[in-house]
Amino acid sequence: MLEGAVTARTLLAAEERLTMGTVAALYGNELVDLHTPLDGAASSMATALVPLDAESPQALEIIRHSTAHVMASAVQRLFPGTQVTFGPATENGFYYDFDRPAGSFSEEELARIEAEMLRIIETDAPFEREVLSKEAARALLTDLGEHYKLEHLERLEDPISVYRVGGWVDLCRGPHVPSTRFLKAFKLTAVAGAYWRGDERNPMLQRIYGTAFPSAKSLRIHLQQLELAKARDHRKLGRELELFAFLDSAPASPVFLPRGATVYSELVNYLRGLYLRDGYTEVMTPELFDRKLFETSGHLPSYADNMYFGMTRDDKVENVDDARLCLKPMNCPAHAAIYGLKRRSYRELPLRLADFGRLHRYERSGVVHGITRVRSFCQDDGHIFCTQEQGAGEISRFIDLVTAVYRDFAFSEMRVIVATRPDKRIGSDDVWEAAERMLLDSVIAKGIAHEVAEGEGAFYGPKIEFHLKDALSRSWQLGTIQADFNLPERFDLTYVGADNLPHRPIMLHRALLGSLERFLGVLIEHCGGAFPAWLAPEQIVIASVAAPFAEAAEARAQALRTLGIRAIADSSDNKLGAKIRSARLLRVPFIGVLGEQEAQGGGLSLRRREEGKDLGLLPWDTVVSTLQSALAPPSATV
RNA sequence: GCCCAGGUAGCUCAGUGGUAGAGCACCUCCUUGGUAAGGAGGAGGUCGUGAGUUCAAUCCUCAUCCUGGGCUCCA
């Protein structure tokens, strides 16, 4: 560093804004190291500088990225010949990808790497930034034998920065913490394979995941939260609560057990209620179609990789591409065909068709996950056929509906993503342009915070996606609405306008919950298996205090069932405490206790799931009215 | 699909080159009970599947199926 060079450190120190916990600074919109010389007039710069404390979110990223550097340094010390690639901070930590000729890292090696990292950190080595010409950087990387970095270098613009720490050097944009002293708490968590630049045609690298925090305490809290999240994992709860299961004979295709099927049906009932109010009519369509339907729709060949094919013994075919039948991966072609069954008038539009048909999509074995990503599922699918002019209004109406629905399930953190035209698509650019415009305008008009995902749209149209997070903060797409000008064209759909001339309708594909399977998975994690009372598989368990009251308990349960309440009696010869315990483990919203007192007076002692609240002995009428009001499904308002 | 880690009773998990164990759940009996586990006994496994090595394989090797973590939040 030049004598007297102006840095964030000198400027902040001069104003006594530098503390022991300051790891970097924000200079305008730019993150800068404390020690990097700044350009410009010192006096004006100082006011634009904001010191970043270790506890700030931006500092956390810097700490993690610096920890990744230390890890890479340790790896190269321990395993010479290993090349480095990318090592960014992530939402929950960091990773670094290596090309190690000997292959992946074992658990024991992870421990050795951690130990080596500690040794490096203890030396309190400073992070030093150095700016090079591209030519000099090329020479440096060639010298180090870092071929991946060399490849990446060619994508970068002059000048190039590198960071040194403890004699180790890496091509890096920075910034970094001043020295390794600031890395106080880290843990290496996992090894995994990852393709170079994420492309499966490239060589596979060895990735090491880790996490880092400004203090040992915050790391400990993070690890505890991970443990808690595991307890909410829908796969674990699905098994424990007997909601669903998987058969070896149907991989990645869940079977719903009685308890899970009850929740599933209630979700469908809820949706049917919404549809009735919101002007949808339901249709039912086959699962197996002649391939011609999907040729017309354009699913073949765009979507063939994700489709199942079928044939009969009368079909003398050898190649799957000649299979006569297709298992539907989507409902839209069938709905387009239904629309085309007869001549349509503008007076019928918008025509909103809903379908709970079962879909099958072939998903590669590595991407399936519990019931949130499966091969057999059902969408709360619907297609709106309308005029161009009606499109914006329908989209706006749908956004209101989907927002209200998520509110019903107490989801608050919704991400809205507008996904635009992908490389592999059907239809002209003009048509895509219009469709993208329509979606974006609706979101903007509602003032909804959203992101744009370039190239992430469906092959037939752009979409708005509504994402929610699961217990491990993985983001899942649930609801969606997609504008489609292509299918109406391909199916030659028309309506007769007021002018008595044929016109082309547009088609909106939409789903509120998305896949019912996925939604249920996310919902299970959201509520930790304690479903809202209206969805609970059993809404009340009536526990008899002793055998002589078993019959009375069963009679009460039956009386409630005739009122539409899912009630069961626990007449096992367990003691009351054990019955309460098992009902609570199943997260049953109400528990009724029936003994001498209740049998005599005709009432029931009731307790609610929430805070184990005991409502005491209530007269039967009060029991019924309490249950009926607590068990009523919510009503999403449009 | 690819990399890594797994697959032992319904569930959660021990275990060993000489054909297997615990807790819970289940069944039977005793107990007739008042708000998160009463007691005793019993039954239950081709150790994922197939092959190989071995006198002998749940254990070692290979294949295969299934499950789990990950596969550009770009130096």
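Student: Where is Arg197 found?
Tutor: Arg197 lies in the loop between strands β9 and β10, the latter spanning residues 204–213 (strands are DSSP runs of E of at least two residues and helices of H or I of at least four, numbered from the N terminus). This is a predicted model, in which local features need pLDDT of at least 70. Residues are numbered from 1 along each chain as its sequence is written.

Student: What is the phi of Arg197?
Tutor: Arg197 is not a glycine, yet its phi is positive, at about 60 degrees.

Student: Is that residue buried, partly exposed or exposed?
Tutor: Arg197 is partly exposed, as its relative accessible area is 27% (buried is under 20%, exposed over 50%, partly exposed in between, with a 1.4 Å probe and protein chains only).

Student: And what about the phi of Ala252?
Tutor: Ala252 has a positive phi of about 60 degrees, although it is not a glycine. Ala252 sits in the loop between β11 (244–245) and β12 (255–256).

Student: Buried or exposed, that Ala252?
Tutor: Ala252 has a relative accessibility of 12%, so it counts as buried.

Student: New topic: what kind of peptide bond joins Gly174 and Pro175?
Tutor: The bond between Gly174 and Pro175 is cis, with an omega of about -5 degrees. Pro175 belongs to the loop between β8 (168–171) and β9 (185–195).

Student: What about the bond that joins Leu349 and Pro350?
Tutor: Leu349 and Pro350 are joined by a cis peptide bond, and omega is about -5 degrees.

Student: Where is Pro350 found?
Tutor: Pro350 is in the loop that runs between helix α12 (332–339) and strand β17 (351–355).

Conventions: Chains are lettered from A and ligands numbered from 1 in the order in which they are written. This is a predicted model: local features need pLDDT of at least 70, side-chain atom pairs count only at pLDDT 80 or more; totals for chains, interfaces and linings use all residues. Side-chain values use heavy atoms; hydrogens and water are left out.
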